[in-house]
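Subject: A structure for you to look at

Hi,

Here is the structure I promised to pass on. Have it open while you read, and I'll walk you through what turned up.

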Amino acid sequence: MTIAHTHNRCDFQFLRAATLLVAMAATTTLPYDKTPADDLPDVPMERLVVDDMEDVAGWYNGSPEETTLAASDLHAKEGKFSLEFANVVDHTKGEKNYPIGWPRSGKDLKNLGLTDWSGYEYFECWIYVTTSREALPREPLGVGFYHSGPKRSTSFPLADVRKDQWTRIRIPISKIELAADLQRIQFNISESNYSHGDHVNFYIDDVVLTRFAHPVIGSMAAQRRLVYAGDRRVAAAFELLGNQSGKQVNVVFDIGRGEETFATARGKAAELQGEITAELETGRSLTPGQSWMKLTLQDDAGKTLHASETTFRVIEGPFSEPMTE
Ligand SMILES: [Ca+2]
Ligand SMILES: [Ca+2]
């Protein structure tokens, strides 16, 4: 009996450890790289409002010992109100087992019918911070996206927010584990990042999903960074954004060096990614040196929607294409 009991305990502890590991593995650290949306301020974005925070009744308080919630007109990014997520860090109070815990506020998305975000490119919101501290800790706040089933979530630290100013948060939905299954959103702080007694208030507003109103190039890269002067073909792989509906867009691909264009290819893309190859006309050849490739998206009237350029290098080499080509 004693042995069996011990065995069960071990299993239970092992399960707990495994569950914790799974929960940790689901947490993603977002490198605060610029997103294509930051580089394309002129491209119109379609917006779906998740919450304008004019009424914050739907937000739950997961940590009433440390947190108060209110619709506040102290700082509003749009409209009259924002969600005030106000915290007094208390390292002695809170959940019994975790007095230095995770004050949090969140909202259920099921009842809003907003669980499928896969048709959008970005989750966005604005956050203003006030605090009794001189400066915010390195990770002042995080946001988590919760999927169906236990312990399934994708969390992001929001390291960019600043004291006494508005910061736009923009998270690519492609970084969320299950973009078609968003059950709940939650903001939280980690009390261990703060000192006992710290006050920190977050004003959250204009929570929206956005997508480009027309296709743009998310990324483009030469299939080979090194090309032989004897090669007849040069290819690029690309990813499109703003094309979830599979609208057909015209793709023009030019390669050249300096002022000279070596070859042009035209095609159509109706997917989120593709490849295009430019082939040199008979009698033309690449010349060794730093060369460029340019991908341009056009609408049916020939208007440029977006263009992207990168370089590749042409070197002397075999006259015929390598066998691996
Ligand atoms: Ca508002
Ligand atoms: Ca606490």
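Let's start with one pair: Val-252 has Thr-296 in β18 as its bridge partner. The two strands involved are β15 (residues 249-257) and β18 (residues 289-298), which pair in the antiparallel sense over seven bridges. Strands here are DSSP runs of E with at least two residues, helices are runs of H or I with at least four, and both are numbered from the N terminus. Two strands count as paired if DSSP finds at least two bridges between them.

Before going on, a word on what you're looking at. This is a predicted model, where local features need pLDDT of at least 70 and side-chain atom pairs count only at pLDDT 80 or more, while totals for chains, interfaces and linings use all residues. Residues are numbered from 1 along each chain as its sequence is written, and chains are lettered from A and ligands numbered from 1 in the order in which they are written. The pLDDT is the predictor's confidence in each residue, from 0 to 100. It averages 86 over the chain, and 87% of the residues score at least 70. Over residues 1-32, though, the pLDDT is below 50, and this stretch has 18 contacts in the model beyond near neighbours in sequence.

**The overall picture**

The chain has two helices and 19 strands. Of its 325 residues, 30% are buried. Buried means that 20 or more other C-beta atoms lie within 10 Å of the residue's own; with 12 or fewer it is exposed, and in between it is partly exposed, with C-beta atoms placed from the backbone. Two residues are in contact if those C-beta atoms lie within 7 Å. Among contacts between residues at least 6 apart in sequence, 72% join residues at least 24 apart.

**Two sheets**

A bit of background: strands of a sheet pair through backbone hydrogen bonds, either parallel or antiparallel.

The β15 and β18 pair belongs to an open sheet of five strands, ordered β13-β19-β18-β15-β16, with mixed pairing. Its edge strands, β13 (226-228) and β16 (260-269), each pair on one side only. Neighbouring strands of this sheet are turned by 30 degrees against each other on average, direction ignored. For such angles, axes are lines fitted to C-alpha atoms (for helices, over the stretch in contact), and the angles run from 0 to 180 degrees between N-to-C directions.

Another open sheet has five strands in the order β2-β5-β10-β7-β8, and here the pairing is antiparallel. At its edges are β2 (59-61) and β8 (153-157), each pairing on one side only. The twist averages 20 degrees from one strand to the next.

Inside that sheet, β7 (residues 142-146) is joined to β10 (residues 184-188) by five bridges, with Tyr-146 facing its bridge partner Arg-184. On its other pairing, β7 meets β8 in the antiparallel sense, again over five bridges, and Gly-142 stands opposite Pro-157. The hairpin of β7 and β8 has six residues between the strands, and Gly-149 takes a positive phi near 85 degrees there. Four of the five residues of β8 are buried.

**The cores**

Nonpolar side chains tend to be buried together in soluble globular proteins. A nonpolar core here is a set of buried Ala, Val, Leu, Ile, Met, Phe, Trp, Tyr and Cys residues joined through C-beta atoms within 7 Å. The largest one has 41 residues, and Ile-127, Leu-158, Phe-202 and Ile-204 touch the most other members. β4 (82-88), β6 (122-131), β7, β10 and β11 (199-212) are the elements that give two or more residues to this core, and β6 gives the most, with seven. A second, separate core of 23 residues includes Ala-236, Val-251, Met-293 and Leu-295.

Leu-182 sits in the loop between β9 (166-172) and β10, and its contacts include Leu-109, Trp-117 and Phe-145. Ala-237, in strand β14 (residues 233-241), counts as partly exposed because it has 13 C-beta neighbours inside 10 Å. Leaving aside neighbours within four places in sequence, Ala-237 is in contact with Ala-221, Gln-223 and Glu-275.
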